[in-house]
Amino acid sequence: MSGLMIVTDAWHPQVNGVVRSLDRLGQELRNKGLEVHYLTPLDFKTIPCPTYPEIRLSLTMGRGVAKKIREIDPEYVHISTEGPLGFWARRYCRQRKMAFTTSYHTRFPEYLAARFPVPLSLSYAGLRWFHNPGSCCMVATPSLKRDLQDRGFLNLRYWGRGVDLALFHPRENKVLDFPGPLLLYVGRVAVEKNIEAFLKLDVAGTKIVVGDGPQKAELEARYPDAVFLGLKEGEALAEVYASCDVFVFPSRTDTFGIVLLEALASGLPVAAYPVMGPLDVIGDSGAGVLKDDLAEAVREALKIDPQLCLDHASRYSWEASAAQFLTNIAKLSHD
């Protein structure tokens with residue numbers, strides 16, 4: 001048997017929090033001496049996801065997934081997404097009575113409801129069916145754990161997230177030259193992210209949008225005063241963070257928001273709604289302002305001492321995140 005297999009329908013070249021979390025998890029686990037394998041859409045032919053072509057759906061049946069798992073013969077299987085690969089891997093493990101864990105990254109019912117008239121109760125019933133047979137379902141925050149428990153999910157355990165403090169930090173060199181203050185959004189440009197709530201704000205300064213997605217062309221045309229920089233990664237992304245003054249997080253549906261930690265580590269205070277994700281990450285740290293009036297949250301966040309943001313971000317590390325994950329899968333041996 002050979003280490004850990006992580007099964008995920010979300011993978012490169014996608015750029016999002018799920019991919020970043022899983023990629024960094026693998027790096028940290030390998031540093032700890034664990035053999036890590038990924039089963040991803042790169043292993044199969046794919047087609048674009050309807051309404052979201054950046055996401056590729058794997059064209060494979062159970063035999064293809066079973067063959068990949070048998071080749072690796074992993075000691076542990078972690079199923080990270082509820083897509084085609086996650087479905088077939090779950091089926092394989094269930095048929096062979098193999099223990100497996102899952103994780104809940106995305107509030108899929110809310111995302112689906114934002115696009116189609118699908119009742120939340122129906123979507124959550126499907127997700128309970130998917131996750132509850134696992135040895136545990138890993139969640140990133142206390143708010144998410146409470147929410148899923150109330151919806152009938154079982155065996156929930158924490159798996160937090162981290163931030164790369166070597167990459168995201170304040171910098172003297174500013175790469176953006178627009179009228180300030182500079183208000184930044186980073187993430188997918190899609191309807192479920194509620195970006196229009198940010199772009200509509202009646203606040204001074206320049207609104208900066210970093211990211212790509214199905215709503216980008218529409219929003220670019222409707223909000224010509226905003227600056228759309230497209231996709232940024234690595235050093236280029238870190239430089240943009242460090243050039244701005246406040247990070248605006250308009251989403252009401254995220255489970256965590258790794259971008260919140262990246263902003264804080266860059267010295268940016270956060271303005272967000274008081275909802276799951278920001279409530280857990282920002283809380284009463286003083287590193288951000290959470291209000292239903294997002295414009296007022298922005299104005300108040302601009303007064304925050306950046307040092308508060310840096311101190312709060314320093315509490316999060318990818319090493320601690322990986323250790324928490326390891327603790328969760330180690331319990332498989334005793335359950």
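**Close-up views of a predicted model**

**View 1. The rings of Tyr124 and Phe153 form an aromatic pair.** Tyr124 and Phe153 are both buried. The structure shown is a predicted model. Two rings count as a pair if their centres lie within 6.5 Å, and by this rule there are 9 aromatic pairs. In the pair shown here, the centres of the Tyr124 and Phe153 rings are 6.3 Å apart and the ring planes stand at 90°, so the arrangement is edge-to-face. Tyr124 belongs to helix α5 (residues 120-131), while Phe153 sits in the loop between α6 (142-150) and β8 (156-158), so the pair ties together parts that are 29 residues apart in sequence.

**View 2. Phe168, Tyr241, Phe247 and Phe249 make up a cluster of rings.** The four residues are linked into this cluster by ring pairs.

**View 3. Charged side chains lie over the faces of Tyr158 and Tyr273.** How far is Lys145 from the ring centre of Tyr158? Lys145 lies over the face of that ring, and the distance is 4.8 Å. Arg252 is placed over the face of Tyr273, at 3.7 Å from the ring centre.

**View 4. Helix α6 has several buried residues.** Which residues of α6 are buried? They are Ser143, Leu144, Lys145, Asp147 and Leu148. An α-helix has 3.6 residues a turn, so residues three or four places apart point the same way. The elements that cover the buried residues of α6 include α5, β7 (136-139), β8 and α11 (278-281). Lys145, one of these buried residues, is also the residue that lies over the ring face of Tyr158. Just after α6 comes Gly152, where phi is positive, at about 95°.

**View 5. Helices α10 and α13 pack against each other.** Two packed helices are described by the angle between their axes and the distance between the axes. For α10 (residues 258-265) and α13 (residues 306-313), the angle is about 125° and the axes are 7 Å apart. This angle makes α10 oblique to α13. Is the crossing of α10 and α13 left-handed or right-handed? The crossing is left-handed. On the α10 side, the residues that meet the other helix are Leu261, Leu264 and Ala265. Their partners in α13 are Cys309, Leu310, His312 and Ala313.

View 6. Pro13 is in the loop between β1 (4-7) and α1 (17-31). Where is Pro181 found? Pro181 is in the loop between β8 and β9 (182-186).

**View 7. Asp73 and Asn155 have positive phi angles.** Asp73 is not a glycine, yet its phi is positive, at about 50°. This residue is in the loop between α2 (62-72) and β5 (76-79). Asp73 has a relative accessibility of 39%, so it counts as partly exposed. Asn155, also a residue other than glycine, has a positive phi near 55°. The loop that holds Asn155 runs between α6 and β8. With a relative accessible area of 42%, Asn155 is partly exposed.

**View 8. Thr102 is a buried residue in strand β6.** The strand spans residues 101-103. Why does Thr102 count as buried? Buried means under 20% relative accessible area, and Thr102 has a relative accessibility of 0%. Which residues are in contact with Thr102, leaving aside neighbours within four places in sequence? They are His78, Ile79, Phe130, His131, Cys136, Cys137 and Met138. Thr102 and Glu82 are 20 residues apart along the chain, and their C-alpha atoms are separated by 9.1 Å.

**View 9. Ser58 lies in strand β4 and is buried.** The strand covers residues 52-58. Ser58 has a relative accessibility of 6%, so it counts as buried. Not counting residues up to four places away in sequence, Ser58 touches Pro41, Phe44, Lys45, Thr46, Pro84 and Leu85. One of these, Pro41, is 17 residues from Ser58 in sequence, with 5.3 Å between the two C-alpha atoms.

Terms used. Residues are numbered from 1 along each chain as its sequence is written. This is a predicted model: local features need pLDDT of at least 70, side-chain atom pairs count only at pLDDT 80 or more; totals for chains, interfaces and linings use all residues. Side-chain values use heavy atoms; hydrogens and water are left out. Rings of Phe, Tyr and Trp (its six-membered ring) pair if their centres lie within 6.5 Å; planes under 30 degrees apart count as stacked, over 60 as edge-to-face and the rest as tilted. Helices (H or I, at least four residues) and strands (E, at least two) are DSSP runs, numbered from the N terminus. Buried means under 20% relative accessible area, exposed over 50%, partly exposed in between (1.4 Å probe, protein chains only). A charge sits over a ring if NZ of Lys or CZ of Arg is within 6 Å of the ring centre and within 35 degrees of the ring normal. Axes are lines fitted to C-alpha atoms, for helices over the stretch in contact, and angles run from 0 to 180 degrees between N-to-C directions. Angles under 35 degrees count as roughly parallel, over 145 as roughly antiparallel, 65 to 115 as roughly perpendicular and the rest as oblique. A crossing is left-handed if the near helix is turned anticlockwise from the far one by less than a right angle, and right-handed if clockwise. Contact means heavy atoms within 4.5 Å.
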